[in-house]
Amino acid sequence: MNIGKRSIYTSTSDSKDEAMEMIMNGIGKEDGEGVFMNDDYCAGCGTVGGVDPQLNSFCQTATHIYLILLHKNLIEHLNAEIVLQTISDMSLVVEWIRHTFLYVRVMKNPRYYGLPSNLSTQEVEEKLQDLCLQNVTHLTSQNLVSINNEAGTIWPTGKIKTKQVKVNCLIQAQLGCLPIQDFSLSQDMAKIFRVGQRVAKCLMEFMYHGNSYLVLMHAILVYKAFKTKIWFDSRYVARQLDGIGPTMSLALANAGLSTFQKLEQAHPRDIEVIVNRHPPFGNQIKESLAKLPRYELAIEQVKCYKPHKSVIVLSVDLMNRGAFETIPSSQITHQSILLIGDADNKIVFKWRIFDAVIFRDGMLTRTVEVHRTSKGKKLDISLLSQDTDTSSLKKDQSSCNHKCLNKSTCGHKCCKINNTGKRPSAGSTLQSKSKMAKVEKPLYRGSKDMKDILSIFDRQQSGT
């Protein structure tokens with residue numbers, strides 16, 4: 001691991017992730033190859049003469065924060081060594097761990113890793129051996145490796161053996177922004193996403209005629225992921241802009257510019273320094289960001305105060321309508337879907353919103369009648385783009401029944417009371433969320449495996 005000045009972004013605010021990545025590269029190195037250790041930088045940074053103080057601060061941050069995480073990532077390196085057949089039987093596990101950076105650190109300071117400080121070398125090795133066996137057992141339970149208990153041999157089982165597994169791996173690699181160097185695999189991936197986008201759109205349109213709020217929302221997110229070729233909560237949102245590739249999006253994400261909002265707030269010259277480009281590249285990025293549609297969603301409850309029924313008025317407008325004046329109307333094709341779901345996961349209201357219609361007619365409004373369900377009075381409102389993945393600006397508004405644009409000037413007394421910061425009354429009959437953004441953060445927070453997402457649709461069809 002050769003650490004020099006070019007390894008550090010002097011303007012980044014995300015150096016902790018970079019420090020973790022550098023240390024992780026040194027955990028599984030045999031015989032300490034590529035890992036520099038000395039008294040000053042025991043975290044794996046070498047002694048470099050005449051470096052600036054930022055390298056010193058960088059190494060100290062890595063030392064104090066991430067040393068205690070080495071053993072928690074041991075399973076990843078064990079899996080890699082088993083695949084490479086560096087570890088082919090259980091007897092080699094202990095031999096391998098003796099040549100890792102983790103072994104050196106545990107011997108130097110055992111209590112960082114949950115071990116008593118008065119253990120002998122043999123006792124520490126036994127603890128490390130138990131940790132390795134636990135990780136190998138976990139890999140076995142996940143069907144990633146197999147063990148012959150009689151012979152003690154270990155071999156990997158998680159290889160790509162079928163076309164279905166190959167397609168799934170390529171999809172995960174593309175959506176996770178992993179580089180694919182093989183030309184034939186790149187061609188296969190392009191074909192997969194062309195077909196996958198059509199299949200995902202068909203799934204979305206089919207679920208649009210259903211009545212499940214979560215299923216339709218995730219169908220939209222899956223279609224959008226195939227269309228933009230990144231996950232809906234990816235750090236590399238800049239890849240969707242013209243002129244931004246994998247390398248630049250990685251640099252921007254490492255510098256903390258992982259959302260369109262943060263990119264908008266950044267200075268054009270700072271963007272150019274991060275991606276190592278000359279002016280006016282930063283200004284061009286800012287112009288592209290200015291043309292992304294920004295919605296304003298307003299929700300207001302009107303007079304119909306009944307225990308089990310409410311009437312709300314939805315208003316949607318483009319906050320940056322002026323940015324579309326220079327764009328021909330035929331090229332304004334972006335659209336979004338507004339969904340309202342109740343506590344029973346039923347769709348209360350769905351609405352396709354076209355930017356061209358808002359630009360032509362102005363603010364769009366709809367009146368919706370909602371009923372209280374047996375499970376509660378909560379409403380989930382999501383405004384989802386079908387084209388672009390962005391981060392959301394979410395604002396909870398459950399203080400009172402009225403969702404007015406300006407609570408300081410409206411005629412509702414409860415709005416003025418709650419606008420002063422006092423606690424809202426407990427007699428509210430409606431809870432909703434007003435969100436001013438292009439895309440909402442998904443409720444789904446589990447694994448990003450396509451099988452996990454599509455299992456939602458399987459459960460819906462089986463009625464569970």
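**View 1. Contacts of Leu216 in the predicted model.** In this predicted model, Leu216 touches Met204, Met207, Tyr208, Leu339 and Ile347, leaving out residues up to four places away in sequence. Leu216 belongs to helix 9, which covers residues 213-228. With a relative accessible area of 0%, Leu216 is buried, because the cut-off for burial is under 20%. Glu205 lies 11 residues from Leu216 along the chain, and the C-alpha atoms of the two are separated by 8.8 Å.

**View 2. The largest nonpolar core.** This core has 27 residues. Leu216, Ile220 and Leu339 are the residues with the most contacts inside it. Two or more residues each come from helix 7 (163-175), helix 8 (183-208), helix 9 and strand 5. The most, 11 residues, come from helix 9. Apart from this core lies another, of 22 residues, which includes Trp351, Val368, Ile381 and Leu383. Nonpolar side chains tend to be buried together in soluble globular proteins.

**View 3. Surroundings of Leu339.** Neighbours within four places in sequence are left aside here. Leu339 is in contact with Tyr213, Leu216, Met217 and Ile220, among others. Its contacts also include Phe349 and Lys350, as well as Asp380, Ile381, Ser382 and Leu384. Ser382, in strand 8, is the bridge partner of Leu339.

View 4. Strand 5 (residues 335-342) runs antiparallel to strand 8 and is joined to it by 7 bridges.

**View 5. The open sheet 3-4-7.** This is an open sheet of 3 strands with antiparallel pairing, in the order 3-4-7. Strand 3 (295-301) and strand 7 (364-371) are the edge strands, each pairing on one side only. Ignoring direction, neighbouring strands of this sheet are turned by 25 degrees against each other on average. Strand 4 (residues 309-318) and strand 7 run antiparallel and are joined by 8 bridges. Within this pair, Ser315 stands opposite Thr365 in strand 7. Strands of a sheet pair through backbone hydrogen bonds, in either a parallel or an antiparallel sense.

**View 6. Strand 3 and its partner.** Which strand pairs with strand 3 over 7 bridges? The partner is strand 4, and the pairing is antiparallel. Glu300 stands opposite Val313 in strand 4.

**View 7. Ile75 in helix 3.** Helix 3 spans residues 74-83 and holds Ile75. Not counting residues up to four places away in sequence, Ile75 touches Asn135, His138 and Leu139. Leu133 is 58 residues from Ile75 in sequence, while their C-alpha atoms are 9.9 Å apart in space.

**View 8. Two cysteines, Cys132 and Cys202.** Is each of these cysteines buried or exposed? Cys132 is buried, with a relative accessible area of 0%. Cys202 counts as exposed, at 52% relative accessibility. A search of the whole structure finds 0 disulfides.

**View 9. The protein chain as a whole, for orientation.** The protein chain has 16 helices and 10 strands. Of its 464 residues, 44% count as buried. The chain exposes about 25,000 Å², and carbon and sulfur atoms supply 51% of this area. Of the contacts between residues at least 6 apart in sequence, 65% join residues at least 24 apart.

Terms used. Residues are numbered from 1 along each chain as its sequence is written. This is a predicted model: local features need pLDDT of at least 70, side-chain atom pairs count only at pLDDT 80 or more; totals for chains, interfaces and linings use all residues. Side-chain values use heavy atoms; hydrogens and water are left out. Helices (H or I, at least four residues) and strands (E, at least two) are DSSP runs, numbered from the N terminus. Buried means under 20% relative accessible area, exposed over 50%, partly exposed in between (1.4 Å probe, protein chains only). Contact means heavy atoms within 4.5 Å. Accessible areas come from the Shrake-Rupley method with a 1.4 Å probe; for residues, only the protein chains shown count as cover. Two strands pair if DSSP finds at least two bridges between them. A nonpolar core is a set of buried Ala, Val, Leu, Ile, Met, Phe, Trp, Tyr and Cys residues joined through side-chain atoms within 4.5 Å. Axes are lines fitted to C-alpha atoms, for helices over the stretch in contact, and angles run from 0 to 180 degrees between N-to-C directions. A disulfide is a pair of cysteine sulfur atoms within 2.5 Å.
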